[in-house]
Amino acid sequence: MSEEQNQVELVHCIYASASTVSFTKDEITELLAIAQRNNGALGVTGMLLYEDGSFFQVLEGEKETVSALFKKIALDKRHSKVIKIIQEPIQERAFSNWTMGYSGITRYELSAIDGLNDFFTSKQCYTDLDQGRTKKLLEAFKSGKWRTSIK
Ligand SMILES: Cc1cc2nc3c(=O)[nH]c(=O)nc-3n(C[C@H](O)[C@H](O)[C@H](O)COP(=O)(O)O)c2cc1C
């Protein structure tokens, strides 16, 4: 029986934040290893973007689990200005293959997304995203083209 048929209340929580330390590639890899191990045990999937000192993360899973995980992540001192942009029920997971997929996609690449050109060619970063732009960004990753950049 699928998760959806099994009456699990599935949600996604999408937030952005600003890193308080500059992450090296090794530090991101280490963070991801912990996230992937924990999320695997919790049944949480999603993706993380890191670009020019700002994070964008999608967490998908059972409502209470996702809310508790978000609270824990928000307390992490390695980032601040943690802004929850969207938390809402979803029919199915967009990132079911990733306990936490990661992409260091650049601002230049992001500016190719329909409707986000102005945003990413200006000085704005993930923490400036509103709900409408967040949905456009999410759609771009859900549709084939950008998925290949998620590792
Ligand atoms: C931007 C960012 C994203 C994170 N994402 C996750 C995550 O998806 N899952 C997770 O367990 N920890 C995540 N963490 C790390 C947690 O804040 C915390 O350090 C970690 O869960 C502690 O793991 P432990 O309880 O196994 O020691 C993230 C931290 C940051 C700064």
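Colleague: Which residue in S3 is the bridge partner of Cys 13?

Modeller: Strand S1 covers residues 10-19 and strand S3 covers 54-62; helices (H or I, at least four residues) and strands (E, at least two) are DSSP runs, numbered from the N terminus. Nine bridges join S1 to S3, which run antiparallel; two strands pair if DSSP finds at least two bridges between them. In S3, the partner of Cys 13 is Leu 59.

Colleague: What kind of model is this, and which pLDDT do local features need?

Modeller: Residues are numbered from 1 along each chain as its sequence is written, and side-chain values use heavy atoms, with hydrogens and water left out. This is a predicted model, where totals for chains, interfaces and linings use all residues, side-chain atom pairs count only at pLDDT 80 or more, and local features need pLDDT of at least 70.

Colleague: What is the strand order of the open sheet?

Modeller: The edge strands, each pairing on one side only, are S4 (79-89) and S5. S1 and S4 pair in the antiparallel sense over eight bridges, with Pro 89 of S4 as the partner of Val 11. S2 and S3 are antiparallel too, over seven bridges. With mixed pairing overall, the five strands have the order S4-S1-S3-S2-S5.

Colleague: Which residue in the turn of the S2-S3 hairpin has a positive phi?

Modeller: Leu 48 has Gln 57 as its bridge partner in S3. S2 and S3 form a hairpin with two residues between them, and the turn residue with a positive phi, about 50°, is Asp 52.

Colleague: Why is S3 largely enclosed, and how many of its residues are buried?

Modeller: Helix H2 lies across S1, S3 and S4, running at about 155° to S3; axes are lines fitted to C-alpha atoms, for helices over the stretch in contact, and angles run from 0 to 180 degrees between N-to-C directions. Helix H5 (residues 131-142) packs on the sheet and touches S3 among other strands. Buried means under 20% relative accessible area, exposed over 50%, partly exposed in between (1.4 Å probe, protein chains only). S3 is largely enclosed by the rest of the structure because its buried residues number eight of nine.

Colleague: What is the distance between the C-alpha atoms of Thr 20 and Arg 78?

Modeller: Thr 20 sits in the loop between S1 and H1 and is partly exposed, with a relative accessible area of 42%. Leaving aside neighbours within four places in sequence, Thr 20 is in contact (heavy atoms within 4.5 Å) with residues including Arg 78. The two residues are 58 apart along the chain, and their C-alpha atoms are separated by 5.2 Å.

Colleague: Which element gives the most to the lining of the largest pocket?

Modeller: A pocket is an open set of points on a 1 Å grid over the protein atoms alone, where a 1.4 Å probe fits, with protein on both sides within 12 Å along at least five of seven lines; lining residues have an atom within 4 Å of a point. The largest pocket is lined by 16 residues, with Leu 31, Ala 35, Ile 73, Asp 76 and Arg 78 nearest its centre. H1 (25-42), S3 and H2 (63-74) each supply at least two residues. The most, five residues, come from H1.
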